[in-house]
Amino acid sequence: MKTYPLRTFVHRILLIRLGIAATLIAICAGFITYVTQERQIRQQVADFGRKGIVALTDRVRDAFVDQPMHPYEALRQILTKGDIPVVYHAGRFVEVQFYDKTSAIIAESSVSDDEQAIELRHCMASQPFVFPQPGQIQVKTIPIGRKPFLFLVMPVTDRQGAVVAYARGFFAISSEKTAEIRQTIIRNSITVIAIVFLVTALLYPVILNLMRRIADYSTSLLDANLETISVLGSAIARRDSDTDAHNYRVTLYAARIGETVGLSASEMRTLIKGSFLHDVGKIGIPDKILLKPGRLDESEFKVMQTHVNHGIEIAGRCSWLRDSVDVIKYHHEKYSGGGYPDNISGEQIPVIARIFAITDVFDALTSVRPYKKPLNFEETMEILEQGKGTHFDPKLLDAFGTIARSLYDRYAGHEGDELRQELISFIDKYFSAGLEILRHGS
Ligand SMILES: [Fe+2]
């Protein structure tokens, strides 16, 4: 697991999360801008189309009102001139048809090329003959080929407002207008996206500063918590021996096994805390039993067993230490049963307690005691093997067997600052650098 100083970790996490958030917001904002703009501009073009067809029908009405000819004839004459107007540079009508009240064509005009005219007429014929009320215009966009056309329908009225004909036409948006629309939409969408990233960039140092303050505060809290473990572990160690080297060694052994069997970072933290504090409950055992040089009798052993309960009480009061109770409570259980305090077996015993049981015995056998000399590596492993499947979890013992020699050479019988430094590097790896709260958002 790669580790970083906490401040760097915060910086990286913030950079990644803000980057993702800003990108998502920019995509959404850009999309909404695009859709809104497109709708507004299409509306604008539709308005041009409406104005165009109104202008055209006005001209038709003027013609058949002013001239003494049949209105349909006036209509044909106007359209035959082929001067369908360009509408405000937005485009022009490319196909127009006028109908009588029976929907029969009375006049038509086309300024599109032949191929397109056929397509437009075919499309127009396929549209239902539904006409709006006088004064109203029906507009819809129909893509033909790869170009959008506005299809407009309106009644033509005389000056008294009576319907004399109906008009339907296709309005083609000019290529200049199409390019202008595209440019406007792209420019506005890019502007919105740029604003999102700019705001994010401005917020970044503010948020980073706040996050770093929280990270610094968390670090100092973590240091205080780790000092609590160290003080508690040392306090009991000083009661029954001169040093707390046993706590450091068993914690290092346990952490190495934990890594070998692939415990999660969270399990590693629990294992490290629990290993260091496994015998904290001995603080409640009377001196005459705790420090008795000889073998304990049955009643004394029963009192000694209560160190597990004392440990649970002590660690259980601290929320930060509470998870370590799994090691404190179960480190004297045996894989096939027969241990204490609950006489549970197999996988009922938490894996971190099963790991710790191996390291506790390994260190006891390889260490000097007032009543015994240390055993060498081979003798120690032979005894552990005898407990395989009874005292110890066979799979975990096998995993330990793969690293036991190197651990023995590196730590067995060692005391002093080197152990402390080794443990600090584990703590840096699993506690200081973790800040798992930020990583997992829990
Ligand atoms: Fe113990």
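Predicted model: local features only at pLDDT ≥ 70, side-chain atom pairs only at ≥ 80, totals over all residues.

Reader: Where is Pro341 found, and what is the peptide bond from Tyr340 to Pro341?

Author: Most residues other than glycine have a negative phi, and most peptide bonds are trans. Pro341 sits in the loop between α10 (325–330) and α11, and the bond that joins Tyr340 to Pro341 is cis, with omega near 15°. The loop between α10 and α11 also holds Asn343, whose phi is positive, near 50°, although Asn343 is not a glycine. Asn343 has 48% relative accessibility and therefore counts as partly exposed, a class that lies between buried (under 20% relative accessible area) and exposed (over 50%), with a 1.4 Å probe and protein chains only.

Reader: Which residues coordinate the iron ion?

Author: Donors are N, O and S atoms within 2.8 Å of the metal (3.2 Å for Na, K and Ca), and water is not among the atoms, so sites may look incomplete. The iron ion is coordinated at 2.0 to 2.4 Å by Asp279 through OD and by His307, His331 and His332 through NE2, and these donor residues follow the spacing D-x27-H-x23-H-H in sequence. His331 counts as buried because its relative accessibility is 3%, whereas His332, at 22%, is partly exposed.

Reader: Why is the arrangement around the iron ion irregular?

Author: Four donors count as tetrahedral if all angles lie between 85 and 135 degrees; four count as square planar and six as octahedral if opposite donors are over 155 degrees apart and all others between 65 and 115; anything else is irregular. The four donor atoms here subtend angles of 82 to 169°, which makes the arrangement irregular.

Reader: How should the span of helix α5 be read?

Author: The expected span of a helix is 1.5 Å times one less than its number of residues. For the 16 residues of α5 (residues 245–260) that should give 22 Å, and the end C-alpha atoms are 23 Å apart, which agrees. Of the 16 residues of α5, 13 are buried, and just after α5 Gly262 takes a positive phi of about 75°.

Notes: Residues numbered from 1 in each chain as written. Heavy atoms only, no water. Helix = DSSP H or I, 4+ residues; strand = E, 2+ residues; numbered from the N terminus.
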